[in-house]
Amino acid sequence: MPETRRVAHPKVIVTRELTEAVMARMEQLFDTTLHRAEGKMTREQLAAAMASCDVLVPSVTDSIDADLIAGAGERLKLIANFGAGVNHIDLKAARARGIIVTNTPGVLTEDTADLTMALIVSVPRRLAEGEKLVRSGQWSGWSPGGMLGHRIGGKALGIIGMGRIGQAVARRARGFGLTIHYHNRSRLPKVLEGELGAQWHANLDAMLGSIDILTIHTPLNADSKNLLDAERIALLRPHVYVINASRGGIVDEEALVDALEAGRLAGAGLDVWQHEPAIDPRLLALPNVVMTPHMGSATFEGRMATGEKVIRNIRAWADGHRPPDQVLEGWV
């Protein structure tokens, strides 16, 4: 584990503009430099920041790769990520340099689960299509065959990744009458399975062939990159809807679009993208895809809670203690 030492007034550089309350608190507690410009830092700005600070506070839009870490100054000892995912940070390189990495787990669970459930309902019920129809001025009134979608009650929901968010989605989905199936590296305790009404599938491929809606809640890492590839998408039945509010790289986006265009999937609800913020133009043309701009965690409450966790991690490290949310080797 990297050595910790007391740092009286650490130099902290924040790469993105956060909520005013969080930024004011950081300026009060630390020697803080805030990037208040529109958009993210350039690679050159990141390199300069990492060469001159004790603590870097990046977000998911900042790619902190091995080369940037290799060029960091000797004083950089903590990367306090604003967010739970750390796939944008080279953890091995950081560990080799003795740099601690922290994240902010748990605070966005309910927000992300809410958005996921909204997508689960929106896609089969064609809510986005209906909204666009009303705004277009072309709606001619109610008719028995107008805007027909599919009910979700009684359908089988497959969840990939049954951590905090996956469990929160399962609890919501039960209230909508869905049956819960899940694939996870390890099985949940039977008591929790009973509480969630969840059935474990040790084999992901077998689960994919038996569900009606699929939602993804696993971190993006070497094991999960393109986890839902063309071969696995082919295992899904044509009436299945795919929901992804986790990370874009978990789904092979080109294979997903191919299946949607060919009618081999019924639709999709996407909050994340493989080459974000770029989106395949073919997706934009598909009426059966509901798209949101990576807003699963976008609540005032969530942003405040995330900032508070970042501050707690920095304060613990500055006091010479192990930060409460240090990312351990299991993430690598």
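**Cavity and domains**

Tutor: The structure holds 1 cavity of 30 Å³ or more. A cavity here is a set of points on a 1 Å grid over the protein atoms alone where a 1.4 Å probe fits but cannot get out. This is a predicted model, where local features need pLDDT of at least 70 and side-chain atom pairs pLDDT 80 or more, while totals for chains, interfaces and linings use all residues. Residues are numbered from 1 along each chain as its sequence is written, and side-chain values use heavy atoms, without hydrogens and water.

Student: How much space lies in the largest cavity?
Tutor: About 50 Å³, with volume taken as the space filled by probe spheres set on the grid points.

Student: Which residues line the largest cavity?
Tutor: N244, G248, V251, E253, L256, L270 and V272, where a lining residue has an atom within 4 Å of a point. By class, that lining has 4 nonpolar, 2 polar and 1 charged residues, with Gly counted as polar.

Student: New topic. What domains does the assignment give?
Tutor: Domain 1 covers 11-103 + 299-319, and domain 2 covers 108-291. These bounds come from an automatic or database domain assignment.

Student: How many residues does the contact take from domain 1 and domain 2?
Tutor: Domain 1 gives 6 residues and domain 2 gives 4, with contact meaning heavy atoms within 4.5 Å.

Student: And what area do domain 1 and domain 2 bury between them?
Tutor: About 470 Å², 51% of it on carbon and sulfur atoms. Buried area is the accessible area (1.4 Å probe) that two parts lose on being put together, summed over both.

Student: Which residues in domain 1 lose the most area to domain 2?
Tutor: V60, N87 and T299, together 59% of what that side buries.

How values were computed: On a 1 Å grid over the protein atoms alone, a cavity is a set of points where a 1.4 Å probe fits but cannot get out, and a pocket is an open set with protein on both sides within 12 Å along at least five of seven lines; lining residues have an atom within 4 Å of a point.
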